[in-house]
Amino acid sequence: MAIWQYGFLVIPKESITENYNCIFKNNQTKYLPKTESFWTNSNLDISKIATEIDKFVERADWSNENYYAWKGNNDNEDNDGHISLDNVTNKITEFYFRVDLRVKSNIENFLYGLVKICAQNELIILNLKGEILEPKIEIIIENLKKSNAVSFLKNPNEHIKNLAEE
């Protein structure tokens, strides 16, 4: 992940329970926690969502019937995402996207588009710290403002200096 990207997990709103944090607290790896348990009861129209995402970022050539992937295709568009499906049930096991914060149009097009898709499909957005974010652009923007990505883009030297001091 590039430092100018900010990633989000997406899960169904109906699957949020009081103990949802356990996937983050119990995650013993350096990777994102598994979210497939949140999708067990979901019956989203995956092809419809994929077609909507296609409007905001190009489908990657490594996509297949069990793995939808998107990847920005130029130097100023490093937006990407994926939806993984279970090979047997064909249900979503993971939905993840990253927005490239270097160019305003990435936020106005890609991020706004993905947030709208989430809102229309009763999906919740989680930042990589596990914080629940309602799919409202003003909430997402406020969360982005606190990110390392924005800190780096505002002042790369200061950001790196602060990391070295930590």
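Mentor: Let us start with accessibility: buried means under 20% relative accessible area, exposed over 50%, and partly exposed in between, with a 1.4 Å probe and protein chains only. This is a predicted model, in which local features need pLDDT of at least 70, side-chain atom pairs count only at pLDDT 80 or more, and totals for chains, interfaces and linings use all residues. Residues are numbered from 1 along each chain as its sequence is written, and side-chain values use heavy atoms, with hydrogens and water left out.

Trainee: Is Asn 90 buried, partly exposed or exposed?

Mentor: Asn 90 counts as partly exposed because its relative accessibility is 42%. Its place is in the loop between strand 3 and strand 4, where helices (H or I, at least four residues) and strands (E, at least two) are DSSP runs numbered from the N terminus.

Trainee: What is there to notice about phi in Asn 90?

Mentor: Most residues other than glycine have a negative phi. Phi of Asn 90, however, is near 65°, a positive value, and Glu 122, in the loop between helix 3 and strand 5, also has a positive phi, near 55°. Glu 122 counts as exposed, because its relative accessibility is 58%.

Trainee: Which strands pair with strand 1?

Mentor: Two strands pair if DSSP finds at least two bridges between them. Strand 1 pairs with strand 4 in the antiparallel sense over 5 bridges, with Gln 5 bridged to Asp 100; 5 bridges also join strand 1 to strand 5, again antiparallel, and there Ile 11 has Ile 124 as its partner.
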